Amino acid sequence: MAARAESAQGPATGEGPATGEGASRGARGAGRSSRAASSPLAADAAAMSDSPIMKALAQDHARRRELEGLVLDAPETTRILTVANQKGGVGKTSTTVNLAAALAMGGLNVLVIDVDPQGNASTALGIDHHAEVASMYEVLVESRPMAEVVQPCPDIERLWCAPATIDLSGAEIELVAMVARENRLRGAIRDFLADHAKSGAERLDYVLIDCPPSLGLLTVNALVAAREVLIPIQCEYYALEGLTLLLKNIDLLRAHLNPELVVSTILLTMYDGRTRLASQVAEDVREHFPEQTLETTIPRSVRISEAPSYGQTVLSYDPTSSGALAYRAAARELSLRTAH
Ligand SMILES: Nc1ncnc2c1ncn2[C@@H]1O[C@H](COP(=O)(O)OP(=O)(O)O)[C@@H](O)[C@H]1O
Ligand SMILES: [Mg+2]
């Protein structure tokens, strides 16, 4: 059952008393299953926890309390994660920007590198990326230092972004003729981190790279530059189909270009607890990747999809929404795990 993944998150998400829909209101007194029912909402939710909506409400309530003022532990060294999946629309960009925001709000220094020519991550972070702005195109193709293109995110402290502009769509072709074409981003990040350290600025804790929906040279650059891969998987029927190809490519890269690369994290996105399909997909993924799959799943949430049109992450757009809370819980989980 997919709910098992979430039961660790909050007191009210476990097995509630078996109440039918109509009986649930009258079952409020059945507080025995509510281990920490310290508010009427939690007690209510526990009594009606059979319903996915109530389960989600109770989980949000518990999460809000758990995550309040939470400061995340910094990793020993800068963690570089590439968020990849050659399928489009699986939640790569949403995951990149919202996890980054959650990590930054947890007190960590975070850089997002946008290597998708569509520049969706740059948009969601409120970063200027019209055609004249210096971007990852200049870094990858013209060897411009990354420090010259990095911009601070306007409404979240400790969060920066190296934006993508539409120019980057040409980079895929221009890179083909270049020396060490797969290593351009790796070199740029290494130089950036070294200069950053020399400047005496606070160390960056996380670098998250948002990829285009393909396995072309931009994605290859991102996979060569990172130590870890984070794969968002949308909880739908074909979820696992493209994964074999992605994993095969990652194996090839590990063999030839980046021996350290590991798929450290899998995140289930757009999870809809009301559908059996979503829980089946989640179960399947957990069975195949028990170590990598985060306990936290990201729910389907209108707030997550609305936020980018305001140039915001869901964490600033609606910080108490279930989507924001889920990304904060995922960030906490990520920060507690080390790459293996
Ligand atoms: N958890 C979610 N709930 C609802 N909509 C989502 C969620 N995650 C992403 N979306 C929406 O789905 C679409 C694809 O997501 P996106 O993060 O851009 O995927 P990708 O970068 O893999 O193409 C976007 O319109 C986005 O706003
Ligand atoms: Mg995207």
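Reply: Two strands pair if DSSP finds at least two bridges between them. Helices (H or I, at least four residues) and strands (E, at least two) are DSSP runs, numbered from the N terminus. The model is predicted, so local features need pLDDT of at least 70 and side-chain atom pairs count only at pLDDT 80 or more, while totals for chains, interfaces and linings use all residues. Residues are numbered from 1 along each chain as its sequence is written, and chains are lettered from A and ligands numbered from 1 in the order in which they are written.

Among the elements of the protein, which number 14 helices and eight strands, eight strands form an open sheet of mixed pairing, in the order E3-E4-E2-E5-E1-E6-E7-E8. Strand E3 (151-152) and E8 are at the edges with a single partner strand each, so one side of each has no neighbour in the sheet. E7 and E8 pair in the parallel sense over three bridges. Ile266 stands opposite Thr293 in E8, and Leu268 has Thr297 in E8 as its bridge partner. Six of the seven residues of strand E8 (residues 293-299) are buried (20 or more other C-beta atoms within 10 Å of a residue's own, with C-beta atoms placed from the backbone). In the protein of 340 residues, 51% count as buried.

H4 lies across E7 and also across strands E1 (79-83), E2 (110-114), E4 (159-162), E5 (206-210) and E6 (228-234), running at about 165° to E5. Axes are lines fitted to C-alpha atoms, for helices over the stretch in contact, and angles run from 0 to 180 degrees between N-to-C directions.

H4 (residues 92-105) also packs with helix H14 (residues 322-336): their axes come within 8 Å and cross at roughly 70°. The two helices are therefore roughly perpendicular to each other (65 to 115 degrees). Asn98, Leu99, Ala102 and Leu103 in H4 meet residues of H14 including Tyr327, Arg328 and Leu334; contact requires C-beta atoms, placed from the backbone, within 7 Å.

Ligand 1 has 17 residues around it, of which Lys92, Thr93, Ser94, Ile304 and Ser305 come nearest (C-beta atom, placed from the backbone, within 6 Å). H4, strand E7 (262-271) and helix H12 (302-306) are the elements that give two or more residues to this shell. H4 gives the most, with three residues.

Note on methods: Parallel < 35°, antiparallel > 145°, perpendicular 65-115°, else oblique. Contact = placed C-beta atoms within 7 Å. Buried ≥ 20, exposed ≤ 12 C-beta atoms within 10 Å, placed from the backbone.
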